[in-house]
Amino acid sequence: MGTFRLMGVPVRLHFTFVLLLIFLLVSGFGTNQSGWNYAVYVIALFASVLLHELAHAWAGSHYGINTLEIVMFPIGGVSRMQRTAKPQEEFWIAASGPFVNLLIGFALFAYLYAERSIVALPQLVEPTNANLIERIAFGNLILAFFNFLPAFPMDGGRMLRAILSRFKSEDEATRIAAWAGRMLAISMGLYGLLSSHFMLVFVAFFVYLGAAQESAAALGRSLTSGIPVRAAMLTDYKTLDHGSTIRDAANLLLATSQQDFPIMHADQVLGLLHRNALLRAMASDGPDAYVAGFMDRDYTVLNPEMNLADVLPVMARSGSCALVMQDDKLVGLLTAENLSQFLLLRRFGMEPTIERG
Ligand code: ZN
């Protein structure tokens, strides 16, 4: 789905976001509010979630951590940070998001209190044009409350982990926060089913997925922390000269298990030819076209001594392949595939053998 930039941070709408929009459209019918009123309500809540994520991004940049992207999910946004924050940093980065919703909620209620009397809370169940601001304010308080819950993947779960990691190992702190997340999701889902609040079941489903994702990411981090990129990179790979044709590249694609090929001029890297670009070139320009016209010049470069745990977020984003370079010389490739194999072997207790080059 679509991507846009906000204060320099790319914002992506996750495909499941469509589900939420459909739900909002369906549930908005047959109420006593006008169409524009409903549109303002939806846009205001969307903006509140965005402000929440921007607060995370701002707090992160305060600690020198860039936000790679913000992904908007049905139950909120997720900021993907450039590196893992230290516990104390993580506490404040996590707290900043729901704090913004708390501020918005209280500011709106304060405004209403000063301007006119506030509509009684039970009346908010019935959406009307008159209680629009109350509902936006209340929505923000709900967002704040929900995100402060001390369970993964909520911000409160991150705050809990940050606090726990003062007394326990980071692994154990993560496990507890993820366990709390799964328990919360299960009880929320059961309650939703028994009381026929199906929106709760829907939210519980995403909380469960998020908690599972968080513990997988934490496992990945603990399996890779302290290990250099050098230990996991591919050292046996093929490159192509910049004068090669798409036919040469296609032959390599068939002959090897490699998906991405560095394009070289002598021992200088010029670009990276991805499998998809190769196939597209084959279809549009035929096998005699030169690879140089289709290579990606904006490839990801890693240093062989970098901590593998620190490059996981980068790899999750670039997805396919990064070049490992030392002093401008190509020394290896790191692909999503060989990285996941490395993690698998580590999980079964294999210690990496690190060759010093
Ligand atoms: Zn948040």
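I took two strands as paired if DSSP finds at least two bridges between them. Helices (H or I, at least four residues) and strands (E, at least two) are DSSP runs, numbered from the N terminus. The model is predicted, so I kept to its limits: local features need pLDDT of at least 70, side-chain atom pairs count only at pLDDT 80 or more, and totals for chains, interfaces and linings use all residues. Residues are numbered from 1 along each chain as its sequence is written, and side-chain values use heavy atoms, with hydrogens and water left out.

**Sheet β5-β6-β7**

I looked up the bridge partner of His 265 and found Gln 268, in β7. Strand β6 (residues 260–265) runs antiparallel to β7, and six bridges join the two. The sheet is open, with three strands in the order β5-β6-β7 and mixed pairing. β5 (240–241) and β7 (268–274) are the edge strands; each has a single partner strand, so one side of each lacks a neighbour in the sheet. Helix α10 (residues 275–285) packs on this sheet and touches β6 and β7. Its direction makes about 75° with that of β7. For such angles, axes are lines fitted to C-alpha atoms, for helices over the stretch in contact, and angles run from 0 to 180 degrees between N-to-C directions.

**Helix α10**

Which residues of α10 are buried? I noted Ala 277, Leu 278 and Ala 281. Buried means under 20% relative accessible area, exposed over 50%, and partly exposed in between (1.4 Å probe, protein chains only). Seen down the axis of α10, the buried residues fall within an arc of 100°, so they line one face of the helix. The arc is taken over the directions from the helix axis to the C-beta atoms. The face turned away from the buried side carries the exposed residues Arg 280 and Ala 283. The cover over the buried residues of α10 includes α9 (246–255) and β7; contact means heavy atoms within 4.5 Å. Just after α10, I found Gly 286 with a positive phi of about 85°.

**Sheet β8-β9-β10**

I checked another open sheet of three strands, with the order β8-β9-β10 and mixed pairing. Its edges are β8 (300–302) and β10 (329–335), each with a single partner strand, so one side of each is without a neighbour in the sheet. The twist averages 35° from one strand to the next. β9 (residues 321–326) and β10 run antiparallel and are joined by six bridges. Ala 322 has Leu 334, in β10, as its bridge partner.

His 52 and His 56 lie in helix α2 (residues 35–62), four residues apart, about one turn of the helix. Both His 52 and His 56 are buried.

**Single residues**

Thr 67 lies in strand β3 (residues 67–73) and counts as buried at 13% relative accessibility. Leaving aside neighbours within four places in sequence, I found Thr 67 in contact with Val 9, Ala 57, Ser 79, Arg 80 and Met 81.
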